Amino acid sequence: MSRDPDWEADLRRYDMRRPFLKEQSIWAIWVYRWGRRIEARPAGLGRKIANLFYWLAFRLVETTFGISLPRTARIGPGLRIWHFGNIFLHGDVVIGAGCTLRQGVTIGNRREGGPVPVLGDDVELGAYAQVLGAVHLGDGSKVGAMSVVLDDVPPGATAVGAPARVIRREPARGQADFLEKDLT
């Protein structure tokens, strides 16, 4: 098996011995990365057989742990899922490197066939956060638990509420005050 630097980055984010015995979410990430490696293989019988096993593993993990990470989504290295269950990603979602998801997160479109979110690097989503539609979450942004994000969140900002609004931006260049912007 060839090296997969994205998978290795995922394992580093878990920072524990034997994560497969301690964290159910790592199984979903492993199946996702495996599916991506299968898609990169040349077409042929070997790929068709591997796809059959992938779909069985994907459905088993999705049903058992309640985490749906379709291999068509583009997820950067270092994904960390805290806890598990009720995590659903649309197949066209783009997630940057070093992102964190918690239980109950949904990232998808607002209507069938509609655009989907793009998350930058180091984005954190709280428990049961929903990110829907043509939304961009900037690098280092945070979304609070049970928030519904329907508009862009700038880099370094924290958004909370339903619908979410920015309540805090990280200070830039010595600026100590917090900025507030309504995203509705």
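Predicted model: local features only at pLDDT ≥ 70, side-chain atom pairs only at ≥ 80, totals over all residues.

Q: Is α3 roughly parallel or roughly antiparallel to α4?

A: Roughly antiparallel, because the angle is about 160° and anything over 145 degrees counts that way.

Q: And what's the handedness of the crossing of α3 and α4?

A: The crossing is left-handed.

Q: Which residues in α3 and α4 meet?

A: On the α3 side you have W27, A28, V31, W34, G35, I38 and E39. They meet R47, A50, N51, F53, Y54, A57, F58, V61 and F65 in α4.

Q: How does that contact divide into nonpolar, polar and charged residues?

A: The residues of the contact of α3 with α4 come out as twelve nonpolar, two polar and two charged.

Q: Which residues of α3 are buried?

A: The buried ones are S25, I26, A28, I29, V31, Y32, R33, G35, R37 and I38.

Q: What do the buried residues of α3 pack against?

A: There's α4, plus helices α1 (5–14) and α2 (19–22). The strands β1 (67–68), β2 (74–75) and β3 (80–82) are also on the list.

Q: OK, switching to the backbone. Which residues does a cis peptide bond join?

A: A162 and P163, with omega about 0°.

Q: Where is P163 found?

A: P163 sits in the loop between β14 (157–161) and β15 (164–169).

Q: Now positive phi. What is phi at D15, and where is D15?

A: D15 has a positive phi of about 45°, although it is not a glycine. D15 lies in the loop between α1 and α2.

Q: Is D15 buried or exposed?

A: D15 counts as exposed, because its relative accessibility is 68% and the cut-off is over 50%.

Q: What about M146, what phi does it have?

A: M146 has a positive phi too, about 60°, and is not a glycine. M146 is in the loop between β12 (142–143) and β13 (148–149).

Q: And is M146 buried or exposed?

A: M146 is exposed, with a relative accessible area of 61%.

Key:
Residues numbered from 1 in each chain as written. Heavy atoms only, no water. Axes fitted to C-alpha atoms, helices over the stretch in contact; angles between N-to-C directions. Helix = DSSP H or I, 4+ residues; strand = E, 2+ residues; numbered from the N terminus. Parallel < 35°, antiparallel > 145°, perpendicular 65-115°, else oblique. Left-handed = near helix turned anticlockwise from the far one by under 90°. Contact = heavy atoms within 4.5 Å. Nonpolar A, V, L, I, M, F, W, Y, C, P; charged D, E, K, R; others polar. Buried < 20%, exposed > 50% of the residue type's maximum accessible area, 1.4 Å probe, protein only.
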